[in-house]
Amino acid sequence: MKKCIGVFSILTTISKYQPVGRRSLSEYMDLTERVLRSETDALKKQELVKVKPTGMEITDEGEATIRQLNSYFNSYSDDHHLAQVIKDAYDIKDVYVIPGDSDTDKTVKIELSRQAGQLVEDVLYEQAIVAVTGGSTMAYVSEAMHDQPFDVFFVPARGGLGENVVYQANTIAASMAQQTGGDYTTLYVPDNVSETTYNTLMLEPSVIHTLEKIKESNITIHGIGDALKMARRRQSPSEVIK
């Protein structure tokens, strides 16, 4: 068991920071380079990691091993128990809990996004239409996705919020399409516009096309943020916030 935990820890750390050199990896894990050398050499022989001039990276076999070990460890952790409680309370088919505080530890959000990306890839199929929302977590999810053997179409589930363009649904839909080798469309309709402007925009062919794609979507990926923060970002009236 201890050996499995060690392998899992090394693989997940490489996955988080790849490409990563042995020295940087030893600093992240607080282990000596000597110890890591023997461990990473063994992982290389097993074709779980590959070594490039820029550093070590996880192979497809390594990603599969991470997923298998993660499933195994979750069965014996408090996080697994919490996931089961949430499933039973809300009648949700599957729940996955990532330990840590993503608000204060960036690596937690990266790990959460990596696992979310894998879960999304598991349900993708030929000609699937995926609607995605914006936000920092969704941006990380897009970075964690990989090239797919079939065509997938991504659409933004909403228009721009006037926030950092990196976190807008349009940008994330484009990023996911690029990462997976799929295609995408955009929706340039702000959330807060007058009724007259809204009605005019609804007549635009490009807007009509995107809205139809959203209605046809088979999969929706969205993050859950703080309601008050989201309301302020959307410049909602004070009476709405209250």
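A salt bridge here is a side-chain nitrogen of Lys or Arg within 4 Å of a carboxyl oxygen of Asp or Glu. Asp 122 and Arg 67 form such a salt bridge, and their closest N and O atoms are 2.7 Å apart. The structure holds seven salt bridges.

This is a predicted model, in which local features need pLDDT of at least 70, side-chain atom pairs count only at pLDDT 80 or more, and totals for chains, interfaces and linings use all residues. Residues are numbered from 1 along each chain as its sequence is written, and side-chain values use heavy atoms, with hydrogens and water left out.

## Two domains

The protein is divided into domain 1 (1-70) and domain 2 (100-240). These bounds come from an automatic or database domain assignment. The C-alpha centres of the two domains lie 31 Å apart. Seven residues from domain 1 and eight residues from domain 2 take part in the contact, where contact means heavy atoms within 4.5 Å.

About 730 Å² is buried between domain 1 and domain 2. Buried area is the accessible area (1.4 Å probe) that two parts lose on being put together, summed over both. Carbon and sulfur atoms give 41% of the area between the domains. Which three residues supply more than any other three of the area that domain 1 buries against domain 2? They are Lys 16, Glu 63 and Arg 67, with 62%. Two salt bridges are counted between domain 1 and domain 2.

## Salt bridges and their surroundings

Side chains of opposite charge can pair when their charged atoms come close. The table gives four of these pairs.

| Pair | Closest N to O distance |
|---|---|
| Asp 122 and Arg 67 | 2.7 Å |
| Arg 114 and Glu 63 | 3.8 Å |

Glu 63, Glu 111 and Arg 114 are linked in a network of salt bridges. Helices (H or I, at least four residues) and strands (E, at least two) are DSSP runs, numbered from the N terminus. Arg 114 forms a salt bridge with Glu 63. Arg 114 lies in helix 6 (residues 106-123) and Glu 63 in helix 4 (residues 60-74), so this pair ties together parts that are 51 residues apart in sequence. Arg 114 and Glu 111 are three residues apart in helix 6, which means that about one helical turn separates them.

Arg 114 and Glu 63 are both buried. Glu 111 is buried too.

Gln 118 is also found in helix 6. Gln 118 is buried, with a relative accessible area of 7%. Leaving out residues up to four places away in sequence, Gln 118 touches Glu 63 and Arg 67.

Asp 41 is partly exposed, with a relative accessible area of 34%. Arg 22 is partly exposed as well, at 27%.

## Strands

Two strands pair if DSSP finds at least two bridges between them. Strand 1 (residues 49-52) and strand 2 (residues 55-58) pair in the antiparallel sense over four bridges. A hairpin of two residues joins strand 1 to strand 2. Lys 50 has Glu 57 as its bridge partner in strand 2.

Strand 4 (residues 152-156) has two partners described here. Strand 3 (residues 128-132) runs parallel to strand 4, and five bridges join them. Ile 129 has Phe 153 of strand 4 as its bridge partner. Strand 5 (residues 183-184) pairs with strand 4 in the parallel sense over two bridges. Phe 154 has Tyr 184 of strand 5 as its bridge partner.

Strand 4 is mostly covered, with five of its five residues buried. In a regular strand the side chains alternate between the two faces of the sheet. Val 152, Phe 154 and Pro 156 are buried on one side of strand 4, and Phe 153 and Val 155 are buried on the other.

Key
Buried < 20%, exposed > 50% of the residue type's maximum accessible area, 1.4 Å probe, protein only.
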